[in-house]
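Subject: Structure handover

Hello,

Here is the structure we talked about. Please open it next to this email and follow along.

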Amino acid sequence: MSPLIKAALVQNKSINQKEQRVTHHPFACNMTSRDIRKKFLDFFKSKNHLIVPSAPIVNKNDPTLMFTNAGMNQFKDYFLGNQTPKHPRIADTQKCLRVSGKHNDLEEVGIDTYHHTMFEMLGNWSFGDYFKKEAIAWSWELLTEIYKLPKDRLYVTVFGGDKSENLDRDDESVEFWKNWISEDRILFGGKKDNFWEMGDQGPCGPCTEIHIDLRPESEVKKISGRDLVNKDNPQVIEIWNNVFIQYNRKADGTLEELPAKHVDTGMGLERLVRAIQGKNSNYDTDIFQPLIAFISSHAGIQYGASEQTDIAMRVLADHIRAISFVIADGQLPSNTKAGYVIRRILRRAVRYGYTFLNFKNPFLHSLVPLLASQFEDVFPELKAQENFVQKVIFEEELSFLRTLENGLKRLDQIKKELKGDTIDGKTVFELYDTYGFPADLTALLAKENNLRIDMAGFEKEMEMQRERSKKAASGETSDWVYVHHGDQTEFIGYDFDEATVHILKYRKVKQKDAWFYQLVLDVTPFYAESGGQVGDTGVLITHDDEIRITDTQKENELIVHIAEKLPKDVTATFRAIVDKKRRLKITNHHSATHLLHAALRKVLGTHVTQKGSLVNEHMLRFDFSHMSKLSDEEIKNIETLVNEKIRENIPLEERRNVPIEEAKKSGAMALFGEKYGDYVRVITFDKDFSVELCGGTHVSSTGQIGIFKLISETSVAAGVRRIEAVTGEGAEKFIEHQTSLLSTIKEILNHPADVVKSLHNLIEENKTLKKQIEQHHAKQTAETKKILLSKIEKLDDLNCIISTAALPHADAMKQLSFELRNEVPNLVLVLGSVIDEKPLLTVMLSDNLVKEKQLNASSIIKELSKEIKGGGGGQPFYATAGGKDCNGLQKAIAKAREMLNATV
């Protein structure tokens, strides 16, 4: 760790002028944020809560959220009854991120002193165990007895009832609060502040908030804090919310009492630390001051020198937390979805550092080691990936800085030339296209100069760029060569798969260094790709020529046939023949997609709408709106319903050239992504089941599909699920494969009568054997510990254990080392063992030996590992090494004795 980082971690007394100006409240204490976090967890552990780790800040399992934005997110399934809690009482500290959706406060972060992107949420939960009485009592005990917050600065709010919901006032909470606080400090709130709901339906209930008045005594005398609660006063703030989940919101909006009642609480660590440490700003606490000190030192600018530079330092100190923890949890910056959110945050930080702190080279990444050290005891994943996270951030910074300087110069020029207060859309697009400025960044820069941007004009320019990209993708295109008169193609593919045709025109096209030809026919049975259905393939033949058609596409309304070569005679009469076998598979899949869509709406609800599809000869893929993963039961019901409709052999009812309004009035469903004309084609498979507007090819009756098999159901975006399925021959092959797999399993299990039971027995037997092995290993390790304790050698005031030992695995070695450290004072442990035919070494030192005698386990292990032809490292008190030469273990042990004797 660099001296600068060490200094930033320990220095808080004379960080900057602003810190000297901070007004400390009379009840401020010297408790650190680490102490405060630990006391919270220890307190609830003493109340028989299971302490669980934070869930990832990147939310990968809930399609409704990109990021974890509240402590309760990871427990949603418990509240919804989808899973059984691992313990009736749980507590944790959760990494949260709020920068999108209704919590989009990004542009306020750094400007004020209390908004943040990433924050920690301390929370305790009861799942059907304790309720209001205990939650309220423990909240008061922790805040006033453990954290010593003054009782005369605290206020509480409770739910005041709601006549429209027929909900009474939460007098139960009031009565419990009266045991701890005077009645004049109990305030009532409405649904907005004091009634929590998970969503439009589901678990909900009243909540009680605890607020603290952090104003100076002189301000308190002027106006009571009671009058400022929930009035957006930055010094009278909520610090803890206790939610009492006692109702279930039903689909019709009514409420019913839950049989089991729950507690869900949340307390922002940053606000709590501010209150306990007596600061006027979250950024003045020891959570942010080490980062700000580091930034200040590198910028050569004191925090407090100016409001502009203060804001920039706060932006960097805040944003590096969000950026680092999101990357550590697996989300890399990108141009889409969650990746774009984190890229925006990173670029905002870079821009502030560049503009106001003169960081012209990558700097943000250098904050990662300090941040990782701050949180290594609570969120160790950042420390474990420190180098990786630094590298990702460095590359992002480097990329953005390359364009930022030129872009800012261009913006200055634009401001000078601007007439009025609006930067036009074309200029905003230029900054985006040439300099990599997102429109929201340009908007921020404009706002700082009392300007605005033409967002509608920017969107228009973006659309024009997309059109240009499409054209550019076509590569080189020659002019049309006209062969026969006519400029329209008649599509007859609904009724025929062969036809006598002539080429009207053709042209040569180059794409990705490959040349091909586009042919336009007067009549065609080939279906052109549209509506998710791929284009037909086939051949054009004459008596002495055959041209392979590799695809059929549409350019606007023009049907274009793709061929690798031109016919010998383009003026000839051809027989156009569609690949019938391929077309049949595509048709099966398309009709099955209609049945699937209808089945989804029947099973899941009419909220299901198509969000995209792909239909080809291999499979069908269907994207649809739905907020949660389908259950096994839902998947089974959907698949069963589709196959029922196939077996019913429902005849196709096809109506062509139906006026669009008439079609809609008849109940026909218009699909996502389709452009419809005034007249449409309506496809019906049972008017009470599936009626859709569709231009694709379909089976004459559903029995032709054969069988439908759903093979996967996944999420592709928030609120969008994807199903993949196969039909007919493809379904048969899939089932054959699964059957073969089952046969192989039966054979391995020696053909049991009940395969499932046999597998369960095998798994249970495996668990039992593992447990027996673990017990044996534990006994072996305990015996080894006894032997090692009997081998303690006295060297001055040191208790030395320098030996080899037989141990079952590396974890046992580590566990044993820590147990000995806890039991033996002044311990010097050097332990060697052969595990999995490889030599391992461990060095463990008591903390006081590291501080007083300057012993260093990492330095010792590096010397000893040479004897086993390996390497290692670790911390000053504990280090490990692995090697290749087992014969070197005794040499390493002997060398350890020599080193120790020389040291003493």
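Let us start with one cysteine. Cys-204 is buried, with a relative accessible area of 0%. Buried means under 20% relative accessible area, exposed means over 50%, and partly exposed lies in between (1.4 Å probe, protein chains only). Cys-800 is buried too, with a relative accessible area of 2%.

Before going on, two notes on the source. This is a predicted model: local features need pLDDT of at least 70, side-chain atom pairs count only at pLDDT 80 or more, and totals for chains, interfaces and linings use all residues. Residues are numbered from 1 along each chain as its sequence is written, and side-chain values use heavy atoms, with hydrogens and water left out.

Disulfides

A disulfide is a covalent bond between the sulfur atoms of two cysteines. The search counts a pair of cysteine sulfur atoms within 2.5 Å. For Cys-204, the closest cysteine sulfur is in Cys-207, 11 Å away, so a bond is ruled out by distance.

Strand β4

Helices (H or I, at least four residues) and strands (E, at least two) are DSSP runs, numbered from the N terminus. Two strands pair if DSSP finds at least two bridges between them. β4 pairs with strand β7 (residues 202–213) in the antiparallel sense, over 4 bridges. There, Thr-157 stands opposite Glu-209. β4 also pairs with strand β5 (residues 186–189), in the parallel sense, over 4 bridges. Here Val-156 stands opposite Ile-186.

Helix α3

Helix α3 spans residues 33–46, which is 14 residues. From its first C-alpha to its last it reaches 20 Å, close to the 20 Å expected at 1.5 Å a residue. The expected span is 1.5 Å times one less than the number of residues. Buried residues of α3 include Ile-36, Phe-40, Leu-41, Phe-43 and Phe-44. Seen down the axis, the buried residues fall within an arc of 155 degrees, so they line one face of α3. The arc is taken from the directions from the helix axis to the C-beta atoms. On the other side, Lys-38, Lys-45 and Ser-46 are exposed. After α3 comes Asn-48, with a positive phi near 65 degrees.

The sheet of 3 strands

This open sheet has the order β25-β26-β27, with antiparallel pairing. β25 (653–659) and β27 (690–693) stand at the edges with a single partner strand each, so one side of each has no neighbour in the sheet. Strand β26 (residues 679–685) and β27 share 4 bridges. Thr-684 has Val-691 of β27 as its bridge partner. Helix α19 (residues 580–603) lies across β26 and β27, at about 120 degrees to β27. Axes are lines fitted to C-alpha atoms, for helices over the stretch in contact, and angles run from 0 to 180 degrees between N-to-C directions.

The sheet of 6 strands

Which order do the strands take in this open sheet? The order is β30-β31-β32-β33-β35-β34, and the pairing is mixed. β30 (793–795) and β34 (871–874) are the edges, each with a single partner strand, so one side of each is left without a neighbour in the sheet. β30 and strand β31 (residues 798–804) pair in the antiparallel sense over 3 bridges. Leu-795 has Leu-798 in β31 as its bridge partner. Helix α26 (residues 857–864) packs on the sheet and touches β32, β33, β34 and β35. Contact means heavy atoms within 4.5 Å.

Best wishes
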